[in-house]
Amino acid sequence: MAELDPFGTPAGAPGGPALGNGVAGAGEEDPAAAFLAQQESEIAGIENDEAFAILDGGAPGPQPHGEPPGGPDANSRKQEAEWKEKAIKELEEWYARQDEQLQKTKANNRAAEEAFVNDIDESSPGTEWERVARLCDFNPKSSKQAKDVSRMRSVLISLKQAPLVH
């Protein structure tokens, strides 16, 4: 009678215990080979799947969730049409807001340019440093420069208050 393991599998049988010396018997299959064979069969099953047949131009099989093979039903088409209408409407609103914002920006830029040109044209003696001071930021907290510009700031402020005499 053959040796039996605790689970009742005869020794030397596939899936059974190894024979006395720990070496697999002649009839036992290599576990790695069995695993590879199983993986190859699963991959072959996936490659033969209906989804790949549809992508390759084959005829579709039964659809999941009970949908007919012809495609989505009327409700989903209706919902898709509603989404498209909503998207078109939102896109038109966005373009309108963008156009309005662009018009405001253009108007502000034109007004700022006109003020700048008028400011350049008026040139009275003694106002040069005031014009320079308007172009500079004198707030020491807001400037995030790596260099210390406090001395330059103090020079410009003193020149603004008491301009040089030519």
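Reader: Hey, what should I know about the model before we start?
Author: It's predicted, so local features need pLDDT of at least 70 and side-chain atom pairs count only at pLDDT 80 or more, while totals for chains, interfaces and linings use all residues. Residues are numbered from 1 along each chain as its sequence is written, and side-chain values use heavy atoms, with hydrogens and water left out.

Reader: Okay, how many salt bridges are there?
Author: The count is 2, where a salt bridge means a side-chain nitrogen of Lys or Arg within 4 Å of a carboxyl oxygen of Asp or Glu.

Reader: Which residue does Glu80 bridge to?
Author: Lys84, with the closest N and O atoms 3.6 Å apart.

Reader: What about Lys104, who's its partner?
Author: Glu100, at 3.6 Å from N to O.

Reader: How exposed is Lys104?
Author: Partly exposed, at 45% relative accessible area; Glu100 is partly exposed too, at 46%. Buried is under 20%, exposed is over 50%, and partly exposed is in between (1.4 Å probe, protein chains only).

Reader: Switching topic: how many aromatic pairs turn up?
Author: The whole structure has 1. Trp94 and Tyr95 have ring centres 5.2 Å apart and planes at 70 degrees, so they're edge-to-face. Rings of Phe, Tyr and Trp (its six-membered ring) pair if their centres lie within 6.5 Å; planes under 30 degrees apart are stacked, over 60 edge-to-face, and the rest tilted.
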